[in-house]
Each structure stands twice: as structure tokens, then as C-alpha cells.
Amino acid sequence: MVLLVPHPKLPVRISSLENGLRVLTSVHRAAPLVSVWMHYGVGSGDEGPGERGLAHFLEHMMFKGTARLPKGEIDRLTHKSGGHNNAYTMCDATAYDFGLPAESLDLALRIEADRMENLRIDPSEFEAERGVILEEISTAQDSPEGRLQERVDTLTFPNHPYGHPILGRRTDVEAFTPSGLESFYSRWYTPANATLVIAGDIDEEACLARVHELFGAIAARETAERSVPPAPAGRPAREILREPVEVPRLLLHFPSVAVSDPHEVPLECAATLLASGRSSRLYRRLVNEGLLAHVRADSETRRGTGVFWIDAEAHPGADLAAIEEALFSELANLAADGPADRELERVRHSLEAGRIYRTETCADSAEDLGDAASVRALDAFGDYPERLASMTAKDVAEAAADVLDRDRAVLAWSTPEGGDSGPTPDGVGAAGGSR
Amino acid sequence: MKPPELNTRRFVLQNGMTLLCARHDAAPVLAVRTFVDAGQRFETSPGVSAMTGRVLGAGAGERTETELCEAIEFQGGTLETSGVGFGMKFLSRDMEFAIGIAADLLCRPGFDKSAVERERRIALSELQAEGDRARQRASLKLNAELYGDHPFARHAYGSADDLRAIDRDVVDSYHTRFFQPGNTLLAIAGRIDFDEVHETIANALGDWPDLPVSKPAVREPPKIGAAREHLITVAREQVHLYLGHLGIRRTDPDYLALSVLDAILGSGAGFSDRLSARVRDELGLAYTVNATITSSAGMEPGLFRAYVGCAPENWQRAREEILAAVRRVASEPVSNEEIEAARAHLAASLLFDLQTAEDVAIALLAIERFGLGFEHPAHYMKRLDVVTPDDVMMATRRHLHPDALTTIALGPV
């Protein structure tokens with residue numbers, strides 16, 4: 001039985017199949033295109049010991065064929081239809097997408113239905129893909145930002161599901177077996193753990209009938225029990241990594257809040273006013289004053305503990321301690337005083353417009369809906385304009401005080417070997433190690 | 001597949017500026033983009049184009065840099081700048097505001113002196129930071145090897161010494177020289193009324209005086225010569241390998257056939273192209289492998305470039321695989337199935353590439369610059385329909401020369 005329920009605040013209708021598959025449809029008539037996203041409620045945060053990197057490995061193998069579709073066929077058929085496909089793995093979910101001319105919608109539905117239950121993990125294909133993934137890891141390792149990310153994630157989330165790289169480490173990936181992957185697939189890739197989003201130039205009724213026909217035949221299967229990752233037991237940390245690099249780079253993490261937390265929107269606002277554009281606070285304080293070349297910030301909420309991050313690239317030879325002092329003093333100012341009225345209004349307008357820009361394409365709309373439905377709460381996504389409109393300067397200040405607290409900061413610098421990183425703010429030597 | 005239809009209007013102001021408008025209803029979004037016929041190819045001070053782009057938003061009209069940024073953000077807008085103009089995105093309701101900002105950026109840029117100093121310092125840092133980006137270093141080395149005395153041989157920023165020589169006056173004189181109405185295209189797309197836009201633009205920019213623009217002659221890049229090999233040893237996880245030689249201009253009659261070739265050889269959707277299917281999917285040698293001759297084609301010749309990042313023990317094997325794939329497309333016709341898939345991919349790309357107001361504004365500028373005409377989408381699809389395997393093979397033979405590909409391998413080689 002298909003139940004079709006329009007969402008009160010979003011241009012989407014929600015249906016559920018008896019096997020538990022949730023289906024979201026959204027009509028976009030601007031172009032004769034369709035975007036199909038399948039979100040599975042499993043990511044690197046669900047990996048147990050010996051499985052680190054397995055969610056991502058499985059994402060790769062989902063393109064390598066099924067009992068019905070030989071290797072290469074998914075890409076070949078997609079290409080032949082004029083479409084494209086891709087996928088990515090996150091901490092909390094794995095997402096697959098197809099962009100197709102509207103008349104080829106059926107292709108994406110058939111492929112997704114087929115690989116939801118008939119994935120074939122051929123050992124030789126598995127080995128070839130292991131090589132691809134090891135090269136993907138090497139690509140990340142060749143980037144100073146990639147190495148910093150891995151180190152700071154580990155420091156923020158020690159012995160925690162969010163603390164290891166989504167790609168896995170080389171030794172993990174080298175130890176995977178086809179049977180381990182099959183077991184992971186069976187546990188997590190079930191209809192009840194999936195959300196299908198179809199947005200575009202579609203006949204909604206016909207589309208749903210076809211979804212029912214293709215996916216309704218898939219037997220309900222038990223999904224592994226999914227717990228919310230616990231709060232990390234990490235401590236504040238500061239490390240200096242001596243690396244073969246030319247310029248110093250900083251990554252700063254604050255363990256943050258989960259999705260739908262009252263601080264969620266104020267923290268998004270804080271990230272925008274701190275580091276979005278040349279009028280932002282950190283840009284004016286640190287880039288205009290010649291301490292940094294670049295600075296960015298973002299608030300990432302998750303099912304478990306999220307991360308508020310700030311990253312920066314400093315000028316060669318920069319005084320790292322002075323940068324940290326300036327940075328933390330800006331965060332403290334925000335926590336103490338919150339944004340000025342006009343600043344808050346500016347950020348609010350910017351975030352509101354950003355959301356409207358995301359509605360221009362059916363792909364962006366579908367991606368956001370899928371993310372909201374699988375990781376966040378669809379209602380909270382629908383309420384976003386109201387949450388943004390009702391947010392006050394006090395809300396931003398309180399969120400900053402709770403989350404952007406220097407005593408909770410986890411940071412690392414990647415600095416040139418042999419360089420002078422200057423004294424640390426707390427007077428401890430700069431040779432590294434957590435504090 | 002039905003071609004997308006552009007609802008467009010073209011105006012030329014009395015001062016010679018060309019205004020291109022398109023009605024696009026996808027969302028209440030307005031895109032404003034300009035193209036000024038300038039850039040690296042016409043530079044007399046190396047790096048000045050990139051530096052002008054960095055500081056084009058550093059104040060304009062009566063506003064300082066911070067005031068300009070705040071004003072744009074207050075409306076929820078975005079601004080990106082380059083040495084050949086800028087792109088802005090706003091909500092449709094802010095059309096007059098957006099045009100006011102555009103007029104200020106074109107006619108009354110501030111080029112705040114301290115911003116020029118700041119950006120010069122940042123650019124110097126970025127030049128140094130590129131030492132950390134192995135792939136980028138290899139790519140720049142390929143440009144340096146293949147472009148000879150042509151401006152594209154050098155980094156867009158110029159050298160560190162070039163950068164130090166650029167001050168506010170150098171930027172201002174570049175802007176004055178090239179940012180002239182007769183040398184400027186301005187495209188606006190969104191939920192607009194053509195006559196209203198025309199009137200607003202004419203009011204904002206109609207009295208912008210037009211001065212003649214003299215453009216320096218651009219040196220021709222060297223013709224394709226013998227294959228060369230440069231191995232650059234650095235400690236990295238991967239070897240970053242480029243193979244390349246001089247490519248084509250966007251106006252080359254073979255552009256379309258070579259677009260089909262790109263889709264088949266190394267730039268298809270997913271991992272369906274030959275290089276991805278073989279080097280990545282079948283052999284598992286690389287995460288990233290690709291090749292293209294059309295993506296860098298512009299008013300100046302681009303490059304044919306193939307790239308792979310792979311383990312040190314595999315780079316020579318990967319190079320052999322790329323060379324074999326290039327030789328094969330030059331020696332035997334591609335299959336009908338491959339041609340059909342490439343056609344479908346390229347035709348659908350037209351639809352995907354015209355979804356947002358910004359996409360449409362970008363397309364308007366390309367259509368005007370390369371003389372494609374507003375009927376371009378329909379013509380393009382018709383022409384695509386008749387591209388044959390022989391067309392692709394003959395174009396490949398004319399433009400791809402596997403024995404003349406220069407190798408750049410950077411990493412533990």
C-alpha cells in the first residue's frame with residue numbers, strides 16, 4: 001500500500017512501501033530532467049572494529065554489477081541515456097544519485113531496485129576496486145589538508161566511530177574480504193533503511209506506481225540496530241605536525257551538536273558571520289591584518305556529536321601563536337556579545353537566499369531532501385525558514401559560548417619542517433602532543 | 001531529446017556595450033555576468049589579469065571593500081570576480097541593486113590600495129603553497145613545456161617577481177585599458193522583463209564613455225614537436241602523470257567531433273569512457289584518470305591533456321595504457337554504440353548545463369563570444385546527430401599525435 005502525504009512545509013510528497021522503503025517525490029517543471037537519490041542510513045559512523053572504510057568500499061562496489069547487470073553496465077546504461085551518476089559516503093549515510101533526462105527515469109529506478117537486493121561482489125572485481133580505493137587514500141594522503149583532517153578527526157573523536165577516515169586506513173582496506181562486504185551489505189542495505197528521492201519533471205502518480213512495482217517486490221529484511229554514536233571522550237588538544245610543506249595550515253575542531261539541536265541554526269549563522277566573505281569577522285581580523293591568507297568555517301551537525309570547524313592557510317613564517325590568539329579572541333567576542341543587529345540580519349538574508357539558490361535544480365533539491373530525510377529530520381528542514389527568522393543575537397551568543405569555547409578546542413597545524421612555529425599560547429613547548 | 005529553448009534578447013547600447021538577456025523561470029534568482037575581452041593572453045605585465053580579478057571587488061562607486069561586501073550579502077547576493085569580469089547572483093527582486101553594483105564594478109572600481117597589497121601577499125603565499133600540490137605542479141610544468149613564449153606558459157599569477165611589480169596603478173591601467181563598453185559583454189538571466197532590464201542598464205551604463213581598446217598581438221604557441229619527458233622526483237604517495245600536446249581553439253571546425261571523442265576516450269559520464277573503464281575499473285591502477293582536448297579550447301589554443309595519479313610502481317604501465325588508448329582512437333573507428341552514447345551524453349549535457357540562471361548567463365556569454373547564435377542548442381543537437389565514427393577518427397588523426405605527447409611525471413619517479 002502506498003500512502004502519499006504532502007509535507008505541510010516542503011514541496012514534497014512522502015510515501016512508504018510495506019517493506020519500509022520511504023519515498024519522497026517532488027515535481028520540478030523547469031527542465032525536462034529528473035534527479036534520483038537513494039540514501040542508505042549507514043555511514044562510516046556505523047562501522048565496527050575491522051570495518052573501518054567498509055561503508056565507502058561498499059559504495060564503490062555498488063557500481064560493479066548485480067546478478068542482472070554485468071560489470072560496467074550501470075555506467076554504460078547511464079551514459080547511453082545521456083545521464084550521469086555518482087555516490088558519496090558520509091559519517092551517517094551513504095548517498096547515490098542519478099541525473100537523467102526525464103524520460104529515462106525508469107533506468108535509475110530499475111538499477112536502484114536491482115542493486116538494493118542483488119548486488120554481486122565478484123572477488124576479482126573486489127580486488128581491482130581495492131586498488132582504486134588504495135589510490136584514493138594515497139590521493140588524500142598526498143594533500144596536506146587530507147593529512148590534517150585525518151589527524152584532527154582522530155584527536156576530536158578518539159576511539160569513536162567518527163574518528164577514523166571515511167575512506168578507511170590502508171591497513172584496514174588491505175584486510176577487507178568479499179564476505180565481510182557482503183555481510184555489511186546484508187545488514188544495512190535494506191528497504192527499511194533507505195530513502196528514495198525523485199525530483200524533477202515527473203508524473204508523480206505514474207512514478208509512484210512504478211516505484212511500487214519495482215521496489216515493492218523486495219522483501220522486508222531486518223536492518224542492523226543503529227545506535228546514536230556516543231559523545232566523544234576526546235580532550236582539548238594542540239599539535240604541531242612538522243611536514244614537508246611550504247606554508248602552515250590550521251584545522252580547528254570544536255565538538256559540536258547533533259542534528260535538530262537548538263544550537264544548530266545559530267551555529268550555522270556563527271560560521272557564516274565568522275568566515276563567509278570579505279566582510280566576515282575572521283577575514284577582517286586575520287586576513288586583512290596579514291596573519292592569514294585564507295580562512296573558512298562551517299558547522300556540521302550529525303546524528304551524534306557534530307563538528308564546528310575552522311580551517312586556515314597562513315603566510316609562510318607566520319606567528320602561529322598570534323594567529324590563535326586573534327582567532328580565539330574573535331570567538332570569545334562572539335560568545336560574549338553576539339552579533340550586532342544588522343550583522344545578524346545580513347547573515348540571515350544570506351542563508352535564506354542560499355536556500356532559494358538550492359531550489360534552482362532538481363538535483364540540489366533532491367539531495368537536500370534526501371539528506372534531511374535520512375540524517376536530519378524532514379520537519380526540521382521544513383521549519384528552517386522559521387528557525388532562521390526567529391533566531392536572536394542571544395541565541396548565537398549562547399551557541400558560541402557553549403560550543404566555541406577555547407577550552408574545548410582541538411587543533412593541529414601542519415607546518416614546514418624546520419620552521420619556527422613560535423611559542424604556544426599556554427606556554428607549553430610547540431613540539432606537539434595533546435594537552 | 002528536445003533541445004532547450006533560450007528565451008533571449010540582445011541589445012547594443014549606444015556606447016557599444018552588448019547586453020544579452022534571457023528569461024529563465026526555474027527559481028526567483030537573477031544572474032548577472034560580464035565578459036571583458038582581456039585576460040592573461042593580452043597581459044603586458046604578467047599576472048595583472050589575475051590580480052585585477054582579486055581586487056575588482058575591493059571597493060566600487062561610493063563603497064569601500066567592506067561596505068560593498070556587506071551590501072551584497074545583506075541582499076543575500078554573491079560576487080565572484082576575475083580578470084575578465086565578474087559574476088553575481090541575487091534574488092530576482094534585487095535586479096536594480098544588482099545592476100547598480102555591476103555599473104560600479106565596470107566603471108568605478110575602487111582598487112583599494114591596501115587590498116592590492118593584501119592580495120599580492122596572499123598570491124605570493126599561494127604561489128609558495130603550490131609546492132604542496134603535486135598535481136598542480138605537474139600541470140603547470142606541462143603548460144610551461146608546451147606553450148613556449150605564449151602567455152599561457154606561465155602561471156596565471158606570473159612569477160613572484162612579476163607579482164611584486166604589480167601595484168594599484170598597474171591594476172588600474174589594465175582595467176582602464178580593457179574594461180571599455182565596446183569590449184564588454186553583460187549577460188542577465190532570470191525572471192526578468194527584457195525592456196525593463198534594458199532601460200535599467202541603459203540608465204546605469206549608457207553614459208559610460210567608450211574609449212578604443214588596443215590589444216597586443218598574442219604570440220602563437222609552438223607547433224606540436226617531438227615528445228619530451230620530464231621526470232620530477234619528489235617524495236609523495238603517488239606519481240602525478242600528465243601527457244599532453246597543443247590542442248585546438250574553440251572555433252575549430254573539428255570541435256564537435258572532438259567533443260564526441262572526449263566523451264568516448266577520457267571524459268565520459270561515470271566511468272564509462274575508455275580510459276576509466278580500462279585503467280580504473282579493469283586494472284584498478286588509479287582513482288583518477290581522464291583525458292580531454294576540448295575542455296581547455298578557447299580563443300587561444302588549449303591542450304590535449306591526459307592525467308593519471310597512481311602508485312609509483314604503476315605509472316609507466318598507466319602511461320602505456322593511455323598511449324595505447326590514444327593510438328587506438330586514432331587508428332580505428334569508434335563503435336556505433338559509443339557514438340550514440342556520446343551523442344546522448346553531450347545532448348543531455350546541454351540540458352544539465354542550462355538549469356540555473358547562472359548557467360544561462362554563462363551560456364549567453366559563450367554564444368556571443370564564439371559566434372554560436374541563440375539557436376545554438378538546437379543547431380548543436382542537429383549537428384551532433386550526424387557525427388559519424390569516421391568524423392571522429394579523422395578529427396582525431398588531425399589533432400591527436402600519440403608519438404608527440406610530452407610526459408610530465410612528478411612524484412617518486
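**Entry 1: the interface**

I started with the area buried between chain B and chain A, which is about 5400 Å², with carbon and sulfur atoms giving 55% of it. Buried area here is the accessible area (1.4 Å probe) that two parts lose on being put together, summed over both. I then looked up who supplies chain B's share: Phe74(B), Asp132(B) and Phe352(B) give 14% of the area that chain B buries against chain A, more than any other three residues.

A note to myself on what I'm looking at: this is a predicted model, where local features need pLDDT of at least 70, side-chain atom pairs count only at pLDDT 80 or more, and totals for chains, interfaces and linings use all residues. Residues are numbered from 1 along each chain as its sequence is written, chains are lettered from A and ligands numbered from 1 in the order in which they are written, and side-chain values use heavy atoms, with hydrogens and water left out.

Next I looked up contacts (heavy atoms within 4.5 Å). On chain B, 60 residues touch 64 residues of chain A.

**Entry 2: charges and polar pairs across the interface**

How many salt bridges are there between chain B and chain A? I found 11, where a salt bridge is a side-chain nitrogen of Lys or Arg within 4 Å of a carboxyl oxygen of Asp or Glu. One I looked up is Glu145(A) with Arg133(B), at 3.1 Å from N to O.

By class, chain B's side that touches chain A has 26 nonpolar, 17 polar and 17 charged residues.

**Entry 3: a salt bridge inside chain A**

Over all chains the salt bridge count comes to 76. I picked Glu204(A) and Arg13(A), whose closest N and O atoms are 3.0 Å apart. This pair links distant parts of the chain, 191 residues apart: Glu204(A) sits in helix H8 (residues 204-215) and Arg13(A) in strand E2 (residues 13-16) of chain A. Helices (H or I, at least four residues) and strands (E, at least two) are DSSP runs, numbered from the N terminus.

**Entry 4: the sheet in chain A**

I traced an open sheet of seven strands in chain A, in the order E1-E2-E3-E7-E4-E6-E5, with mixed pairing. Two strands pair if DSSP finds at least two bridges between them. Which strands sit at the edges? They are E1 (5-6) and E5 (84-89) of chain A, each pairing on one side only.

E5(A) runs antiparallel to E6 (residues 94-101) of chain A, over six bridges. Thr89(A) has Thr94(A) in E6(A) as its bridge partner. H12(B) packs on this sheet and touches E4, E5 and E6 of chain A, its direction making about 100 degrees with that of E6(A). Axes are lines fitted to C-alpha atoms, for helices over the stretch in contact, and angles run from 0 to 180 degrees between N-to-C directions.

**Entry 5: a hairpin in chain A**

Last, I looked at E10 (residues 292-300) and E11 (residues 307-314) of chain A, which run antiparallel and are joined by eight bridges. A hairpin of six residues connects E10(A) to E11(A).

Definitions and conventions:
Nonpolar A, V, L, I, M, F, W, Y, C, P; charged D, E, K, R; others polar.
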